[in-house]
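Open the model in your viewer and keep the selection tool ready. The tour below goes from stop to stop.

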Amino acid sequence: MTAADDPWAQLLDVRQQAWAAGVLAVFGRVRGFFVNKVGDDADELTQRTFTRVQQIRERYDGRGSARSFVLGIAHLVLLEHLRERYRHQVEPLEDISIAAVDPRPSSVLAQRAEQRLVLQALRSLTLEHQTVLELYYSEDMSDPEIADVLATNANTIRGRRTRARERLRLALAAIDGQAGAVESTSTDLERWARSIREQLGAAT
């Protein structure tokens with residue numbers, strides 16, 4: 001029996017094609033995941049992520065999406081990178097903010113003032129809260145999908161997202177101080193996310 005006649009081989013081939021298509025579709029989003037956190041290192045970490053994906057792809061069992069699997073690896077690569085760069089940091093990395101360890105402005109070229117405001121506020125949150133909000137709003141991921149990325153459960157993510165949204169609102173107020181602008185931005189994160197997604201896409 002040739003491979004073409006073997007249904008199991010055909011099924012494996014279909015799965016491999018689906019895997020390759022899923023990974024390719026996520027490629028630009030992986031760079032977007034990094035760019036508001038590590039700036040100029042985004043390209044290097046994107047390449048490192050996909051090298052790691054190829055090395056451990058056999059661990060993907062078909063449950064969950066390829067996007068969650070790949071972004072989960074990207075999250076681990078990010079933590080490794082931050083540990084290497086800030087090895088003397090005492091607090092757990094998830095509990096510090098990107099702004100605390102790298103006070104430079106975001107490298108994302110936001111077109112509007114409200115975009116710059118939200119990008120800055122996101123970087124002032126803990127890495128954990130920044131990641132949850134960016135995955136939920138910018139990547140349009142569900143709580144279970146985010147849970148797959150961060151290796152936890154959906155109920156935990158739901159609680160973190162609620163707290164993160166409130167802390168983002170407070171961060172916006174602290175940075176901007178204009179109640180109207182803060183209210184407009186914090187109550188319309190879906191609209192903001194679409195515009196930021198366009199900016200991140202332009203940066204990939």
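Begin by selecting Asp143, which sits in helix α7 (residues 143–150); helices here are DSSP runs of H or I with at least four residues, numbered from the N terminus. This is a predicted model, in which local features need pLDDT of at least 70, side-chain atom pairs count only at pLDDT 80 or more, and totals for chains, interfaces and linings use all residues. Residues are numbered from 1 along each chain as its sequence is written, and side-chain values use heavy atoms, with hydrogens and water left out.

Asp143 counts as buried because its relative accessibility is 7% (buried means under 20% relative accessible area, with a 1.4 Å probe and protein chains only).

Next, select helix α2, residues 42–56. Its buried residues are Ala42, Leu45, Thr46, Thr49, Phe50, Val53 and Ile56. They lie on the same side of α2, because they cover an arc of only 140° around the axis (taken from the directions from the helix axis to the C-beta atoms).

Last, select Lys37, Val38, Arg85, Tyr86 and Asp102, which of the 11 residues lining the second largest cavity lie nearest its centre. A cavity is a set of points on a 1 Å grid over the protein atoms alone where a 1.4 Å probe fits but cannot get out, and lining residues have an atom within 4 Å of a point. Helix α3 supplies the largest share of this lining, three residues.

Notes. On a 1 Å grid over the protein atoms alone, a cavity is a set of points where a 1.4 Å probe fits but cannot get out, and a pocket is an open set with protein on both sides within 12 Å along at least five of seven lines; lining residues have an atom within 4 Å of a point. Helices (H or I, at least four residues) and strands (E, at least two) are DSSP runs, numbered from the N terminus. The expected span of a helix is 1.5 Å times one less than its number of residues. Buried means under 20% relative accessible area, exposed over 50%, partly exposed in between (1.4 Å probe, protein chains only).
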